[in-house]
Amino acid sequence: MKRTRWISLFLMVALSLSLALPAFATEERASMQIENYEINVTVSRGKINVEFSVDGISKMDKLGCESIYIYKDTSSTPAGSRLEDDFGMSKTDASSHKNTISLPASAGVKYTVVVTIFAENSDGRDTRQETFSVTGK
């Protein structure tokens with residue numbers, strides 16, 4: 001009888017610890033700078049539209065879209081690009097930034113679009129990147 005109680009007690013403690021440990025190992029957010037982000041790429045007549053939004057964990061030194069590179073599927077050289085210091089790509093001293101950037105596209109041509117967003121503060125800089133395949137209209 002005593003042995004059964006000890007085994008039951010041991011199993012109960014082990015189960016309690018195993019359930020508690022994962023809670024200590026998880027992070028509240030994906031990074032120390034980026035709270036949330038979203039990137040969408042759509043095509044309209046003669047244009048590729050890159051819509052992005054990024055939220056910092058607080059007021060950031062700088063945040064937004066670090067780069068947009070558009071490649072024709074048959075080339076490794078960008079057919080178009082925008083960088084973080086181009087108009088509308090980023091903000092300074094802000095907690096969020098949202099915008100849509102349009103770049104030219106030719107009808108029927110397949111493109112690969114690589115979009116990188118970022119947030120930067122005194123703790124460092126963090127980026128997230130997504131790649132999309134679209135066909136011009």
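A polar contact is a pair of N or O atoms within 3.5 Å, one of them able to donate a hydrogen and the other to accept it when both belong to protein. In the predicted model described here, the side chain of Lys 62 makes such a contact with the side chain of Asp 85, at 2.6 Å. The pair also qualifies as a salt bridge, with an N to O distance of 2.6 Å. Lys 62 lies in strand E2, which spans residues 47–72, whereas Asp 85 belongs to the loop between strand E3 (78–83) and strand E4 (90–104); the pair therefore ties together parts that are 23 residues apart in sequence.

Lys 62 has a relative accessibility of 15% and counts as buried, because the buried class covers values under 20%. Asp 85, by contrast, is exposed, with a relative accessible area of 64%. Beyond its neighbours within four places in sequence, Lys 62 is in contact with Glu 84, Asp 85, Ser 90, Lys 91, Thr 92, Phe 118, Ala 119 and Glu 120.

Side chains of opposite charge can pair when their charged atoms come close. The model contains 6 salt bridges in total. A second one joins the side chains of Glu 66 and Arg 125, with 3.0 Å from N to O. Glu 66 is located in strand E2 and Arg 125 in strand E6 (residues 124–135), so that this pair ties together parts 59 residues apart in sequence. Both residues fall in the partly exposed class: the relative accessibility is 23% for Glu 66 and 33% for Arg 125.

Lys 62, Asp 85, Glu 66 and Arg 125 are members of a network of salt bridges that also includes Glu 84 and Glu 120.

In soluble globular proteins, nonpolar side chains tend to be buried together. The largest nonpolar core of the model has 25 residues, and those with the most contacts inside it are Val 41, Ile 48, Ile 68, Val 113 and Val 115. Two or more residues of this core are given by each of strand E1 (34–44), E2, E4, strand E5 (110–121) and E6. The largest share, 9 residues, comes from E2, the strand that also holds Lys 62.

The surroundings of Ile 68 illustrate the packing of this core. When residues up to four places away in sequence are not counted, Ile 68 touches Val 50, Gly 80, Ser 81, Arg 82, Met 89, Ile 101, Leu 103, Val 113, Val 114 and Val 115. Two of these neighbours, Val 113 and Val 115, are themselves listed with Ile 68 among the core residues with the most contacts.

The backbone of strand E4 was also examined. Most residues other than glycine have a negative phi. Asp 93, which lies in strand E4, has a phi near 50°, a positive value in a residue other than glycine. With a relative accessibility of 52%, Asp 93 counts as exposed, because that class requires a value over 50%.

Methods. Residues are numbered from 1 along each chain as its sequence is written. This is a predicted model: local features need pLDDT of at least 70, side-chain atom pairs count only at pLDDT 80 or more; totals for chains, interfaces and linings use all residues. Side-chain values use heavy atoms; hydrogens and water are left out. A salt bridge is a side-chain nitrogen of Lys or Arg within 4 Å of a carboxyl oxygen of Asp or Glu. Helices (H or I, at least four residues) and strands (E, at least two) are DSSP runs, numbered from the N terminus. Buried means under 20% relative accessible area, exposed over 50%, partly exposed in between (1.4 Å probe, protein chains only). Contact means heavy atoms within 4.5 Å. A nonpolar core is a set of buried Ala, Val, Leu, Ile, Met, Phe, Trp, Tyr and Cys residues joined through side-chain atoms within 4.5 Å.
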